[in-house]
Structure formats: C-alpha cells, structure tokens
Amino acid sequence: MQRRVIFDNKLLPYLLLAPQVAVTLVFFIWPAAQAIWQSVHIQDAFGLRSEFVWFENFTAIFTDPNYVGTLRTTAIFSVSVTALSLSVSLLLASLADSKIKGAAVYKTLLIWPYALAPAVAAVLWMFIFNPEIGSLGRLLNGWGYNWDYRLNGDQALTMVILAASWKQVSYNFIFFLAGLQAIPRSVLEAASIDGAGPVRRFWSITFPLLSPTTFFLLVVDMVYAFCETFGTIHALTHGGPGKATETLIFRVYQDGVVNNDLGGSSAQSVLLMVILIVLTTIQFRFVERKVHYS
Amino acid sequence: MATVEIKNVRKSYGPVEAIKGIDIAVQDGEFLVLLGPSGCGKSTLLRMVAGLESITGGQVVIGGRVVNDLDPKDRDIAMVFQNYALYPHMSVFDNMAYGLKIRGVPKPEIETRVAKAAEILELGRFLTRRPSQLSGGQRQRVAMGRAIVREPAAFLFDEPLSNLDAKLRTQMRIEIKRLQDRLGITSLYVTHDQVEAMTLADRILVMNHGVAEQIGTPLEVYQRPASLFVAGFIGSPPMNVLDGVIDASGQGVVMPGGALLPLPRPRPDDANRPVKLGIRPEHLTISDGLAASPILVELVEALGADTVVYGRLPDGESLLIRMAGLPSCTEGDQLSVAPQPGALHLFDAAHGRRLAD
C-alpha cells in the first residue's frame, strides 16, 4: 500500500526534491544539452569559432566505414561483459549463499575488486597478461601459444572483456547475494520435498525469484559496459591494436580529446545516449515482463 | 500411507544436544501432534523426519524403510510450512502441480489430481491466481493442496496455523481435522498451541528440552500428566502446583495452609514424603469441610461462559479457580475452596515426575 503524503507547507516538497534535481541538472541535463548543442556545430581546432552545420556531424559518422567496426566491437564487448559478469557473479553468489566455512571472509574478498580504480585494475591485468613480464602471458607463450595482445586484436578484445567483467563481478555479486538471501529458505525446502534436485531448484525457483535483481543488474551492467569501461580500455590497450578494442565511448574520447573534433565527438555521444535509451527501453518493455516482483 | 517410526533419534549441534533420544512409532493413519514450548526441539525432530536436518543418531523409518540417508524427495512425504512456503512466481495450479510434474506424472492425471484437491479445499476459483493475490487462509489451503495432490506416505505440518488470526485458525484447524479423517494419511503435526494439540491429535508427544515428557492421547495427557512440566503446559488456565507433604498415616496430603486433602488411595510407603501437589483450576469448588482451604479473592475474570478467580492462600501461595457461569464473588471476598475428590495430581518434589497412581 502506498501512502499519500500531504505536506502543509507548499514549498517544503520542492525543497526536499531540490538537491536531487540540482544534481540531475548540473551533471546530466546540462552536459547532455551541451552535447546536443555541440553535435550540430563544427568548431575550429582552437575552439575559438563554431559554425552551425545542421546534421553534418551525424552524416559524417554514418558515412564513416570505421564507425560500423566500432559499433560491432561495442556490441561484442558489451554483450560479453554483461553476460560474463552476470553469470560469474551469480555462480559465486550461489556458492557463497550455501553454508560454508569462512563465508564472511570469502564475501569480503569478492567485494574488493569493486574498490579498485579502473586504471589500477588494468595494471593488475597487464601484470598477468603482458607477454614479457605477465605471469600468464609468459606461461602461454612458454606453452607455444602465440600470445601478444598488443599485436593480436582478438586477444586484446578478450583481455579487455575479462578485465571489464572482473571489475563488475563484485558489484553484481553483492546484489545477487542479497537477492539470494531474500528468498525464504522454506520455499527451497518445499521444492526439495516436492522432489526437485539442486539444479532444478535453481532454475525453477531461485532464478525466477531472483529475476528483479537480475533485470536490474542487466540494465546496470549494460550501461557499465557501454560507458564506464573507458578507464579499463584506456589503460590496457588504448583502443588498439588498430581499432580492435575501440568501443563507442572510447571513440568519443579519441575523436573529441585526441583528434579535437568536438562536434563529431558530441554527435557520437548523442548517438550513444540514444542507443542506451533504446536498449533500456527495450529491456523494460520486453525483459521486464518476465520479471516476477513479489 | 505408512507408519513412521522414530527410533532413539538424536540431534547435536556441536556439543549442544538438541534432541536427546526420542522414541515413538506413529501408526498408519494416526495423527500425532508434537507439542512443546519454542526451542524444545519439536520442529527439529519434524525436519529430521522430512530430511531437512541431518540425523545425529538413531533411525527414522517411514513405511518400513530406513530413510536416514535419503533425500527429502525420496522419503515420500509432504510438508506444510508455517509461512506456507508457496512458490510466489507460480499460479495456484502450478504450485500444486510442481511436485507431480517433477515426478513425471502425465499431464491429464496432474489436471485431475489438482482439480480434485482444489475441490476438496474449495480452491477451484483461485487456480489461476498467484499466492500474493490470496488471503492467509487461502494460501494455507494451497499449501495443503500441494501436500495432498502428491498422495504421500505421511504429512508433516510445521506450525501451519500460527500465521493466521484466531478465527481463521479455528476454522482451518477443523478443516485439517476433517481432511485428515477423510484421507487417513499418517500425520505429524508440530505446534506450541495446546488447543490445536488437544483437538487434532490421536496422540500427543509433549516435548521439553529435547526429551519426550509424555506420549499419550489428549485425554491421558490432560488427566494424567506424567510430569510437572506437562501438567503446567496442558490446560488453561494452568494447573495449580502447591508444596505438600503426605501425612504420617499415608491417608492424605497436608496443604501449606494446614488443610488435609484425602488421597484417592492410601500411600503408607510414602508417609511424610514431600510432594508437589497439582490441582487444576476447574477441579476446585467452593465448599466447607475438612479438605477446604480459605482463600482471599484478589482478582476475578469474567469470561462469560466461566469465571477465573485469582485467590491467595493464607501462607501467600496463589491459587487459580475456574468456575462455570458468571462470578459469584468479588475482589476482597473470603472463600473456602476444596478440590473435587480424586482430582489431585501428585508429583515428586525433587524431579517432578508423577507418582504412580
């Protein structure tokens, strides 16, 4: 039951909302508006003059053959990161939910990666995968597998996917664990008395009951993969080799900051925003229907 | 349908012994109630029968088969939980059909069996609803439906009515009784509510601190409580317990106030033995005479059908008296009460066990 709150003071509700509105205005609406504004302008290299060019920046993006490649990379990257981090964290959370010795320590350790800065995490992965100094990198080469993510684009993409997923596993883990613990034990006991084995119990009871959490994390992880993985990619591969690990967000940075094409970069970020809005809407329209909220 | 035998079953959590060896054989079709205060181990015992808790020692035998090492699903039992434990994401139909689907029962048969259970429990109209759209009583019926469609060897109930309000609880209690009479399935029922125990049970197992205090029919447990614990736990308001001493001749018990209560049979062997004397409030009547003690009325509770009088004996011990009908005395009155003949319960003063009648 939702209760309707009635304020005596007409101003108070607005005051209570003000901080949230201010944050949204300053950190979302304003930059978003600026991006839209800039996306229809071309600036000179020194940022002194700008010219209104209608949708020229967008036309340029769509006629750029490289952009399709970036879209493809982003799709592979985002889907892989989301799928990998969701499935690994769900597995870990299910294991941590069972009665085990040292569960508290185990849980704490699993949460640590979330506290690492992306650049630090990237350095850590570099120490693992660098073909000359990385433990695993050297091992792979020692076994005769030709591992060098600085030359091989597929290897580079695999590595950034691993690193980006690993960062997100902690976050997902916390939510999954909380979700699992919210499922009444007696419901699972009833299922085992009804004859369901552990696997069946998981898929027919636990997983559906976890669906609100999974759906929330699906949306969050998708946005994470699209937007917040910049630091990891930047520190590990700089989008390379070639453009093998250049995702949309990395290209926005590359074109805007490195190549000084603010208009083109803004047009791309506007596109990115549209893509995310569309994806999230689709998720809410079609995936959420299957979600069970108790 | 089957017998359920519990043979010297024990449960320890580390050094703590929660169940200290329980023995009972539940007959085919019998309704056994496990009764006791919270923490006495009754739920643990039930969960060991269900297979949800491991068994530290002893054997559980269902239908002649030792089930100690079997998974819950292989024990051929169904359980009704206190919080119903319905699958919230499934319809009422799917909740009841879940166990049958897993066991590979053909679809038409599932439909017939669920329809039959729904008819017995008057759930026909709700089959497409989700549990969240049902009232507490309806949810409890779905939980029972889920148990009966399986046609198990035994039903296990774990305080199934304690989440319901008082009125619904009475109604559901009667429904459970009818259902069990009709289906004749062996049932183990855990509760801390003595009214449920008295009304539902063929036999009651009264538990305390992991020990069976008494096993008997409801009337046996009421009429001949085996220990002070049982005496105090069964009956409302609870039995009065007074310190007394059997007199030198063994003919009677001397009450704290000096009154001499005649014993049903002489106990010359127990002469001068200190005892705990149990008298149920409903077995005290207003009377004069040798066996009567004077009391001061401190409080009168009129319940309508009967009246509970809180009195105090001259030596300061309190005494409850339950009388039929409306109150005939008020606070501050002096009364003289005596137990009905043969209504005395004698317990050992040291260990609290009942003295042989």
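## Terms and origin

Two strands are said to pair if DSSP finds at least two bridges between them, and helices (H or I, at least four residues) and strands (E, at least two) are DSSP runs, numbered from the N terminus. This is a predicted model, in which local features need pLDDT of at least 70 and side-chain atom pairs count only at pLDDT 80 or more, while totals for chains, interfaces and linings use all residues. Residues are numbered from 1 along each chain as its sequence is written, and chains are lettered from A and ligands numbered from 1 in the order in which they are written.

## The sheet of chain B

Chain B holds an open sheet of four strands in the order β2-β1-β4-β5, with antiparallel pairing. Because β2 and β5 (65-66) of chain B stand at the edges, each with a single partner strand, one side of each is left without a neighbour in the sheet.

Strand β1 (residues 4-13) of chain B runs antiparallel to strand β2 (residues 16-26) of chain B, and eight bridges join them; here B:Ile6 stands opposite B:Ile24. The two strands β1(B) and β2(B) form a hairpin with two residues between them, and B:Gly14 in the turn has a positive phi of about 60°. β1(B) is also joined, by five bridges, to the antiparallel strand β4 (residues 57-62) of chain B, where B:Val4 has B:Ile62 as its bridge partner and B:Lys7 has B:Gln59.

## Two packed helices of chain A

Helix α1 (residues 12-39) and helix α13 (residues 262-287) of chain A pack at an angle of about 125°, with their axes 7 Å apart. Axes are lines fitted to C-alpha atoms, for helices over the stretch in contact, and angles run from 0 to 180 degrees between N-to-C directions. That angle makes α1(A) oblique to α13(A), given that angles under 35 degrees count as roughly parallel, over 145 as roughly antiparallel, 65 to 115 as roughly perpendicular and the rest as oblique.

## Where the chains meet

The contact between the chains takes 16 residues from chain A and 18 residues from chain B, where two residues are in contact if their C-beta atoms, placed from the backbone, lie within 7 Å. On the side of chain A that touches chain B, the elements giving two or more residues are α8 (185-193) and α9 (198-209) of chain A, and α8(A) gives the most, with six residues.
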